[in-house]
Amino acid sequence: MDSVIDLFQGLNLSQLHQFHFMRPWWLLSLVPLFLFYRSMVEKDDVLQQWRGHMSTKVIEHLTLKNQQSRTFTPKRLFAVFALISTLVMAGPSWTKKASPFFVDESVLVIALDVSESMKTADIQPSRLLRAKQKIIELLDVRGDAKTALVVYAGSAHIAMPITQDREMIRHFLDVLDTNLLPVPQSLPQSAIKPTTALLSQAKTASTLLILTDNTNVPTIDGFKAFFTKQPHQLVVWAIGENPDSGLSSSTGLADSQLSLLSQLASGGNGKMVPFTHNSDDVSKVNNAIKNNMFAVNDKAQPWHDAGYLLLFLLIPLQVLWFRKGWTLQW
């Protein structure tokens, strides 16, 4: 029963538009079922011959309450049983399941900003250190999925090509510092060339994840031009104290910065995820990565047949037929 509860809890409003029947032709059987049920009811109506000669009130006073006045009767429960069984055969579905033959060929390119502004200590001990910690958390969640690492400030460089060894990425993250590159000022558009080269190696829909605290219009235009014709997406992880949290200081991310970061993500068919002190932002970033991969590889995922869950509703109805005197005459 736990699987039943989990599945129905997972049905949210965003999935209702996906609801459909996998075998809708079974719903046509409801027509003969209705006619059959109606004929059974009319067959048992022994007073039918008097209804044309006597009023309904007179008939009610001259007859005893028959079985049809009861709420639960064999015929009514048979109708419910037949209705549920038909829905089971029709195969209701609203979610997809991973194909047993599906292989994750997507690539995650992580672009980390190591410019001077990442020294800011609005989130302790600094934005850069917290960004590296968040990357490690994300790597632990994703496991040995294909990942690459790019670092940028005034220039951009591939720190780690596409690999499935997350421990190697950990080692490179440890040595990253704001003094690593010759030009400490932030030039986000410099990351376009190396990330584009890495994403071109991907065989399926992939994601570019940028961890930064600022961007500019040339960067937004550059990435928008690339992602317009690509199945890939751009997820922006805003590293800095979020003003909406109520904990931000004068050194936190300004509304104008968050607006530009949001525009950058929108131009790349993705979303902007603000920094949080717990793991909520890690979960949102990971979900965004998976959603893009599954959305583009939609045909590789078969629909999940939820009809079998309705069989649990048939069990109590079936048990009633074991009651003494509970029969259904045809």
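A network of salt bridges links Asp140, Asp144, Arg166, Glu167 and Arg170. By salt bridge I mean a side-chain nitrogen of Lys or Arg within 4 Å of a carboxyl oxygen of Asp or Glu. Please bear in mind that this is a predicted model, in which local features need pLDDT of at least 70 and side-chain atom pairs count only at pLDDT 80 or more, while totals for chains, interfaces and linings use all residues. Residues are numbered from 1 along each chain as its sequence is written, and side-chain values use heavy atoms, with hydrogens and water left out.

Helices here are DSSP runs of H or I with at least four residues, numbered from the N terminus.

Arg170 also forms a salt bridge with Glu167, with 3.3 Å between the closest N and O atoms. Both residues of this second pair lie in helix α6, three residues apart, or about one turn of the helix.

Partly exposed lies between buried, under 20% relative accessible area, and exposed, over 50%, using a 1.4 Å probe and protein chains only.

I turn now to another pair. Asp122 forms a salt bridge with Arg127, the closest N and O atoms lying 2.9 Å apart. Both Asp122 and Arg127 are buried. In total, the structure holds nine salt bridges.

Notes. Helices (H or I, at least four residues) and strands (E, at least two) are DSSP runs, numbered from the N terminus.
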